[in-house]
Amino acid sequence: GMMEALVRESVDSSFNRISVDGDTSVCDTMMCLANGLSRYVPESEDSPDFQKFKEAFLLVCTELSKKIVMDGEGATKLLEINVINAIDPTSAETAARSIANSPLVKTAFYGEDANWGRILTAAGYSGASFKPELTSISIGSLLMFDKGTVVGFDETETSRILKNKEISITVDFGEGSFNERIWTCDLSHGYIDINAHYRT
């Protein structure tokens with residue numbers, strides 16, 4: 001029904017778009033329970049009230065998803081990886097996931113190093129279809145790599161952006177219209193401490 005479709009759509013763009021370390025858990029479950037006590041039945045999927053509910057539902061799913069990432073072992077920063085203007089949807093998602101799961105990218109952000117080269121490399125080995133000479137990379141509002149050319153950037157401003165608890169990374173492939181977004185976290189000493197000493 002309408003609720004099932006809403007849950008699937010919302011989960012796909014929230015809970016299914018996060019990664020702590022690339023591993024998945026057999027315990028990961030999302031359930032939506034409706035007890036019918038309000039006795040409210042929307043007229044249709046297009047009704048304004050259902051659209052408002054849909055917007056609110058997605059917002060809650062998105063915020064909970066980000067909290068899962070920030071609750072990841074040893075996480076100190078929330079990273080939003082945006083791959084935009086890809087030639088096809090698979091390339092957008094593949095590149096975004098590869099960047100999000102790269103230990104070298106994640107440790108660079110933990111160390112507050114604006115290492116755009118690691119970002120480009122992770123996109124490169126992902127199997128995504130793109131051309132480096134058309135690609136641009138920004139960290140926060142700062143352009144670091146512009147259509148295959150390294151850009152001089154302000155070290156003070158870079159340092160300020162990298163100290164933030166939430167950082168947005170944008171990789172613009174510049175040759176299509178498909179976008180993807182994945183939330184992940186940095187990789188710190190805490191991750192190793194927690195997982196190395198975990199006992200089953």
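**Helix packing**

- Helix 4 (residues 103-110) and helix 5 (residues 116-125) have axes that come within 9 Å and cross at roughly 160°, which makes helix 4 roughly antiparallel to helix 5 (an angle over 145 degrees).
- The model is predicted; local features need pLDDT of at least 70, side-chain atom pairs count only at pLDDT 80 or more, and totals for chains, interfaces and linings use all residues. Residues are numbered from 1 along each chain as its sequence is written, and side-chain values use heavy atoms, with hydrogens and water left out.
- The contact (heavy atoms within 4.5 Å) involves Leu-104, Val-105, Thr-107, Ala-108 and Phe-109 of helix 4, and Arg-118, Ile-119 and Ala-122 of helix 5.
- By class, this contact of helix 4 with helix 5 has 6 nonpolar, 1 polar and 1 charged residues.

**Aromatic pairs**

- There are 4 aromatic pairs (ring centres within 6.5 Å; planes under 30 degrees apart are stacked, over 60 edge-to-face, the rest tilted).
- Phe-53 and Phe-57 form a tilted pair, 6.0 Å centre to centre with 40° between the planes.
- Phe-53 and Phe-57 are 4 residues apart in helix 2 (residues 48-70), and are therefore separated by about one helical turn.
- Phe-57 is buried at 12% relative accessible area, whereas Phe-53 is partly exposed at 39% (buried is under 20%, exposed over 50%, partly exposed in between, with a 1.4 Å probe and protein chains only).
- Phe-130 and Phe-173 are stacked, because their ring centres lie 4.4 Å apart with planes at 5°.
- Both Phe-130 and Phe-173 are buried.

**Loop residue Thr-135**

- Thr-135, in the loop between helix 5 and strand 2 (136-139), is buried with a relative accessible area of 0%.
- Beyond neighbours within four places in sequence, the contacts of Thr-135 include Phe-130 and Phe-173.

Key: Axes fitted to C-alpha atoms, helices over the stretch in contact; angles between N-to-C directions. Helix = DSSP H or I, 4+ residues; strand = E, 2+ residues; numbered from the N terminus. Parallel < 35°, antiparallel > 145°, perpendicular 65-115°, else oblique. Nonpolar A, V, L, I, M, F, W, Y, C, P; charged D, E, K, R; others polar.
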